[in-house]
Amino acid sequence: MCASWKKLVPHWARSPVYYRPPPWVRNWEAHHIKPWKFVGPGVVSRLPKHYIKRKIELISEEPRPVHWEPINKKYSVRDVTTGLAERVQIQNIAIPVFYPEQADQGLWGGEGIVQGYYRKKLRRRSSPKLWKPKVFNFFLYSEILDRWMEIAITQRTLDLIDEALGFDNYILKTHERDLKSQLGNKLKREMLLALVRKSLHPSNPKKREELLEKYKEFIIPEEEAEWVGLTIKEAIIKQLNIEKIQELKNKTPLQDIFVDELVKELQEKNEAGSSELPGGSIFEKFMPFKTPEKPST
Amino acid sequence: MRGLVACRLCSPLFKDIQSLFVTQMKKQSSSSKVNELKSNYLEKLQEKGLGQPSASYVLKRRYPMRLVKKGSVPFFKKKNYVYEEVDKKKMEKNMGKDAKTAPVMEKEPPMPVILTRDVLGLGVKGDLVFMKKNMARLYLLPVGIAVYSTPENRALYPVQTEPEPDPEAEMLRFKTLSTEKMTEFLRKMNLYIPMSAHNDWTLTTKHVRIAFRWHSVVVPEENIQLPAVAITGPNTELQPFDIAVKVKEDIIVNVRSFIQPWYNDKEEYSQEIEAIKELKQKYPPYLKASPEVMELQRERQEKDHTFRHLLHCSPSIFVKEACELALKKHFAELQGKDFKEEPSFKFKIFLERKDHPKWRKVVMSKVMNLPAESL
């Protein structure tokens, strides 16, 4: 290849990867939240306040690191060999991870896909690589819901379940930002509602009392438990339905209004005196769709 | 030698038996020295930060990132996406090889677990046992036989110093593992005693001893006890009866036995093949069950589950035990007796997981000879 091959080949066609890895995604972008909509005209501002508080807590803190290890020190030293020891601050910046749609249908334990470059030796070029998690199907049992479930799972979730001392504890303890799956949020909602409504083992009252004492600290009022783990789209639909029902309850149908007016008119006329109405009989007035009289043949 | 039964799993000499099973007891035992070594190993892992939950891959940046002001977004270059892999399992393995105080090194670090009741081969209620992680997650924890080891649970299940007095448990408390295996083998087996179908005969201990020999079991005649009602004559109707075998002075096992008619000529045998087939359908071998048992299993239809993935263990062992227990119940009900026998350790767990879809489908498919997809 000649020396000026770079002019012939454009910059976007040189590397084997035709696109760059995605940029650093902000916390509120990853969860599809627009925090400026919580204040202002719109449905999002009318959502219940305990729900908005939970979403802000979701965004405020960073999730637990999964595919990288943070350094707990504050400062490090640079250029020790030359004798000019400088103190350099350490900032733990996360590795950007991509979570596909299949992660919402399983419990991957915070794992995802990482796209980057690697090189085996220093004098070589870096080549692109996709690091993927090992996912397999596994059966898990939940005491509160009293059922076995087949879930796509990684080795990390099994270690986290042992850390939390139980599958139910794992789902109730971990926050949404660490679960990272809609299935986990849905199970959390079911468990919290079952604990509040006391709809656990319906045929076994002894076990119901044992579990209610075991999971005492996780009980939340029912109004808040219905809104735990919902995405903003689902919450908007729920809020609109609630508002529509309230509107219909407040409204009175027109039929009732017209009947009341009719009754008033008739009462006034009976008091005044009976007389034929100019517009015809009463039934002809309120029969707009009158069929035309057929001529007798 | 008196009071002994040698099994084909054991060697014929008594001394060799002891040496074989003492080594197995060391591996399975939860002695104090082994527990100390394993707990020290786990503490060392946690000091180095290695015993924590793992991920499929752990990465590290080759080139560090630029510092970032508060509230702003970090600036990424292509070199900031160059990563290196970090192997944590190698670090755990190397730690075990170098350390002489942790000779019990496995591929995965073990998990401490407290037992809530007596378990054959593992220990007594309240014992701290170090198990492999998958064994505990699949067999012990979801069923309630074991519990995670926390200071709260250690107070709930303290170590027993004096055993509870149970007359049934005293019969079953074995001193060596050889007697455990012998009694399980004798409980599971079906004894077929070949007797002639032409001549008159009465059952004696000699016939039973020879029949046991066909099944690779050596029993002296002193330890055999026939039923009270003597069995006589050329009997082609196969009905089971129990024979008591003395394994030790305190331990007696009832072995279910049948009479197998032995024909001299093939012509007579061929004439009665149909009768034998009918009898085998009534009292079939391991993998088939009577239609009454199959109906009982069909009645246990609960919530629908779907499964595509099989666990590591093979269910053939559980299928045998399941059918035997069902048959024994069936026979006990016919004779009007009470059924008190208990299954083995692993099968108990398999039974209690009644909601597990694998048990239901695999057992029913083999018992009913139907494909699992139709269930």
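How much area do chain A and chain B bury between them? The two chains bury about 4100 Å², and 57% of this area is on carbon and sulfur atoms. Buried area is the accessible area (1.4 Å probe) that two parts lose on being put together, summed over both. The model is a predicted one: local features need pLDDT of at least 70, side-chain atom pairs count only at pLDDT 80 or more, and totals for chains, interfaces and linings use all residues. Residues are numbered from 1 along each chain as its sequence is written, chains are lettered from A and ligands numbered from 1 in the order in which they are written, and side-chain values use heavy atoms, with hydrogens and water left out.

The interface was examined next. In chain A, 52 residues are in contact with 40 residues of chain B. Contact means heavy atoms within 4.5 Å. The rule finds 4 salt bridges across the interface of chain A and chain B. A salt bridge is a side-chain nitrogen of Lys or Arg within 4 Å of a carboxyl oxygen of Asp or Glu. The side chains of Lys129(A) and Glu85(B) meet in a salt bridge, at 3.8 Å from N to O. On the side of chain A that touches chain B, two or more residues each come from β3 (114-118), β4 (127-131), β5, β6 and α4 of chain A. Here α4(A) gives the most, with 8 residues. Helices (H or I, at least four residues) and strands (E, at least two) are DSSP runs, numbered from the N terminus.

Helix α4 of chain A spans residues 155-163 and is mostly covered. Of its 9 residues, 7 are buried. Buried means under 20% relative accessible area, exposed over 50%, and partly exposed in between (1.4 Å probe, protein chains only). The buried residues of α4(A) are Arg156(A), Thr157(A), Leu158(A), Asp159(A), Leu160(A), Ile161(A) and Asp162(A). Within chain A they pack against β5 (136-142), β6 (147-153) and α5 (167-173). In chain B they pack against β3, α4 and β5. Leu165(A) follows α4(A) and lies in the loop between α4 and α5 of chain A. Its phi is near 65°, a positive value in a residue other than glycine. Leu165(A) counts as partly exposed because its relative accessibility is 36%.

Chain B contributes a sheet to this picture. Its 3 strands form an open sheet in the order β4-β3-β5, with antiparallel pairing. The edge strands are β4 (128-131) and β5 (146-148) of chain B, each pairing on one side only. Neighbouring strands of this sheet are turned by 45° against each other on average, direction ignored. Two strands pair if DSSP finds at least two bridges between them. Strand β3 (residues 111-115) of chain B pairs with β4(B) over 4 bridges, in the antiparallel sense. Val113(B) stands opposite Val129(B) in β4(B). Helix α4 (residues 133-140) of chain B lies across β3, β4 and β5 of chain B. This helix runs at about 115° to β4(B). Axes are lines fitted to C-alpha atoms, for helices over the stretch in contact, and angles run from 0 to 180 degrees between N-to-C directions.

Asn153(B) lies in helix α5 (residues 151-156) of chain B. Asn153(B) is buried because its relative accessible area is 15%. Not counting residues up to four places away in sequence, Asn153(B) touches Ile114(B), Val147(B) and Tyr148(B). A polar atom of the Asn153(B) side chain lies 2.9 Å from the backbone oxygen of Tyr148(B).

Chain A as a whole has 12 helices and 6 strands. Of its 297 residues, 32% count as buried. Lys55(A), in helix α3 of chain A, counts as buried because its relative accessibility is 6%. Leaving aside neighbours within four places in sequence, Lys55(A) is in contact with Ile33(A), Phe38(A), Glu176(A), Leu230(A) and Thr231(A). Lys55(A) and Gly229(A) are 174 residues apart in sequence and 9.3 Å apart in space, C-alpha to C-alpha. His32(A) is in the loop between α2 (27-30) and α3 (49-60) of chain A. His32(A) has a positive phi, near 60°, and counts as exposed at 68% relative accessibility.

Definitions and conventions: Polar contact = N/O pair within 3.5 Å; in protein donor to acceptor, adjacent residues only side chain to side chain.
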